[in-house]
Amino acid sequence: MSAAGQPADAAGETAAPLLVAIDGPAGSGKSSVSREAAGRLGFGILDTGAAYRALAWAALQAGVDLDDDGAVLALLESWGFTITMRGEQWVTVTLPAAEGVVPSDPVDVTAAIREPSISGQVSRVSKHPEVRERLNAMFRRIVAESGLPGVVIEGRDITTVVAPDAPVRILMTASPEVRAQRRAGELPGLSHEQVLADIVARDAKDAQVVDFFNPAPGVTLVDTSELDFEQSVGAVIDIVRTARKAAEVSE
Ligand SMILES: Nc1ncnc2c1ncn2[C@@H]1O[C@H](COP(=O)(O)OP(=O)(O)O)[C@@H](O)[C@H]1O
Ligand SMILES: Nc1ccn([C@@H]2O[C@H](COP(=O)(O)OP(=O)(O)O)[C@@H](O)[C@H]2O)c(=O)n1
């Protein structure tokens, strides 16, 4: 290991983390299953949806028009974003300073970004191609600088755009009814029908930008409709272990 705690190869160079890319629609289990699988594998987890949510939160706080790509890009230039990659998720945002004013301290937005009011708005910032490019560059940088042996990176376009060369790529899916049932369990006060309508509407908006319903060539489909949480985690870990064994054999 290098001084920074990063795995080093024989020449002393820092090795890039092994990447496990997971995408799929809302409620398929991407975040929770990825987090648990990453923990058991000793890997980090990068929840890219949290960044889009935090950006939507910051834009709303700053009074930025979410449909105005120039204004959202300007905000991206001057905001601060941090996210933990091990253990409990913790997300902070530093809002840009008004002219002549000291920038805000980092604000803990871990809970706020999960509110339905953010879920309902986030597609408005994630639809801008240049915003996506900037965030994708940020994701690649966070992974490269993580110093971790492996990172599970999850979000809508991860297997196709952000990490198309990842040695493990998974599309996690489940039927809309099952996904709505899971989400309704997390959102007491909202009916199954309301949650189903919300996720179907958000999927439709997001799918105009990225196809996360059909696995691209080389991507393994994991349908969790009939799997419980433990079985879903097991499926991901099995795929990672099989890929690692195959890589060892071919070396
Ligand atoms: N296979 C599964 N079986 C049962 N519940 C699940 C399963 N996968 C995820 N869940 C639960 O469903 C909810 C939504 O999962 P989440 O990981 O947030 O989905 P996504 O990140 O794809 O939107 C969470 O409460 C999670 O614990
Ligand atoms: N890689 C990603 C991740 C999220 N997103 C956007 O961010 C929103 C929230 O992502 P999320 O992963 O937290 O959503 P859930 O699927 O967990 O509900 C999505 O509805 C997309 O609009 C994206 O466009 N690309």
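Five strands form an open sheet in the order 2-6-1-7-8, with parallel pairing; strands pair if DSSP finds at least two bridges between them. Strand 2 and strand 8 (220-223) are the edge strands, each with a single partner, so one side of each has no neighbour in the sheet. From one strand to the next the twist averages 25°, angles running from 0 to 180 degrees between N-to-C directions of axes fitted to C-alpha atoms, for helices over the stretch in contact. Helices (H or I, at least four residues) and strands (E, at least two) are DSSP runs, numbered from the N terminus.

This is a predicted model: local features need pLDDT of at least 70, side-chain atom pairs count only at pLDDT 80 or more, and totals for chains, interfaces and linings use all residues. Residues are numbered from 1 along each chain as its sequence is written, while chains are lettered from A and ligands numbered from 1 in the order in which they are written.

Strand 7 and strand 8 run parallel and are joined by 4 bridges. Within this pair, Ile-170 stands opposite Thr-220 in strand 8.

The shell around ligand 2 holds 15 residues, the closest being Ala-26, Gly-49, Tyr-52, Ser-126 and Gly-155; a residue is near if its C-beta atom, placed from the backbone, lies within 6 Å. Helix 2 gives the largest share, 4 residues.

| Class in the shell around ligand 2 | Number |
|---|---|
| Nonpolar (Ala, Val, Leu, Ile, Met, Phe, Trp, Tyr, Cys, Pro) | 4 residues |
| Polar (the others, Gly among them) | 6 residues |
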